[in-house]
Amino acid sequence: MLTRPFGRFLVLTRIPFQLADWVEGLPLSPETILFAIVLIFFLGGFFMDSMALITLLVPVFFPVVQKLGFDPIWFGVLVVLTAEMGVITPPVGVNVYVVKAMLPEVPLGSIFRWVVLFLIPLFALVGLLFLFPGLALWLPSWGTLGR
């Protein structure tokens, strides 16, 4: 319900497009700017649910990513991965508390320790996606091969 007024506000004020123009003019490489955007999604996941985070930030950052020339599908994969990494990372780790509610006999500290082991391959995957964007685009490209 909140997203409709927020989306309308963004469209009417043109904030995402002004932000895209401003970011495009920064003396930074597109990869550095994208890394900062991904970091914002990761840190935002510490404190917000991933769906709320994506709903609020994608309309702001998507025009920036398009202006920088990155593939939208690849950006979507990065956003979902980093937002989900954020929701299992302390200090809040919203999803960790869901697991705790399902397994009350398991100490919270133990759940967080195991989550850290889960984060290591996720960080490696995000790093691989930065180095080799084709990994995220390989499967979707199969749908266009026969056309």
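Predicted model: local features only at pLDDT ≥ 70, side-chain atom pairs only at ≥ 80, totals over all residues.
Is Tyr97 buried, partly exposed or exposed? Tyr97 counts as partly exposed, because its relative accessibility is 39%.

Let me start with the overall picture. The protein has eight helices and zero strands. Reading from the N terminus, the order is α-α-α-α-α-α-α-α. Along the principal axes, the C-alpha atoms fill a box of roughly 50 × 40 × 35 Å. There are 147 residues in the protein, and 31% of them are buried. Now the contacts. Take those with a separation of 6 or more: residues 24 or more positions apart account for 68% of them.

Next, helix α3. This helix covers residues 30–44. How many residues does α3 have, and how far does it reach? It has 15 residues and reaches 21 Å from first C-alpha to last. That is close to the 21 Å expected at 1.5 Å a residue.

Which residues of α3 are buried? They are Ile33, Leu34, Ile37, Val38, Phe41, Phe42 and Gly44. Those buried residues pack against four helices: α2, α4, α5 and α7. In residue numbers, α2 is 15–24, α5 is 72–86 and α7 is 108–131.

I'll take α4 in more detail. Two packed helices are described by the angle between their axes and the distance between the axes. For α3 and α4, the axes come within 11 Å and cross at roughly 175°. An angle over 145 degrees counts as roughly antiparallel, so α3 is roughly antiparallel to α4. Helix α4 itself spans residues 50–68.

Who meets whom here? On the α3 side we have Pro30, Ile33, Leu34, Ile37, Ile40, Phe41 and Gly44. On the α4 side we have Leu53, Ile54, Leu57, Val58, Phe61, Val64, Val65 and Leu68. By class, that contact has 14 nonpolar residues, one polar and no charged.

Stay with Pro30 for a moment. Pro30 lies in helix α3. It counts as partly exposed, because its relative accessibility is 31%. What does Pro30 touch, leaving aside neighbours within four places in sequence? Leu68 and Phe70. As for Phe118, it sits 88 residues from Pro30 along the chain, and their C-alpha atoms are separated by 29 Å.

On to the aromatics. A pair of aromatic rings is described by the distance of the centres and the angle of the planes. Counting ring centres within 6.5 Å, we get nine aromatic pairs. One of them brings back Tyr97, which pairs with Phe112. The centres are 6.1 Å apart, with 75° between the planes. That pair is edge-to-face. Tyr97 lies in helix α6, residues 94–102, and Phe112 in helix α7, so the pair ties together parts 15 residues apart in sequence. Is Phe112 buried or exposed? Phe112 is buried, with a relative accessible area of 15%. Tyr97, remember, is partly exposed.

There is also a cluster. Ring pairs link Phe35, Phe70, Trp74 and Phe130. Phe70 has come up already, as a contact of Pro30.

Last residue: Trp142. Where is it? Trp142 is in helix α8, residues 134–145. Trp142 counts as exposed, because its relative accessibility is 52%. Trp142 and Leu78 are 64 residues apart along the chain, and 20 Å separates their C-alpha atoms.

That's my tour. Over to you.

Definitions and conventions: Residues numbered from 1 in each chain as written. Heavy atoms only, no water. Axes fitted to C-alpha atoms, helices over the stretch in contact; angles between N-to-C directions. Helix = DSSP H or I, 4+ residues; strand = E, 2+ residues; numbered from the N terminus. Parallel < 35°, antiparallel > 145°, perpendicular 65-115°, else oblique. Contact = heavy atoms within 4.5 Å. Nonpolar A, V, L, I, M, F, W, Y, C, P; charged D, E, K, R; others polar. Expected span 1.5 Å × (residues − 1). Buried < 20%, exposed > 50% of the residue type's maximum accessible area, 1.4 Å probe, protein only. Phe/Tyr/Trp six-rings, centres within 6.5 Å; stacked < 30°, edge-to-face > 60°.
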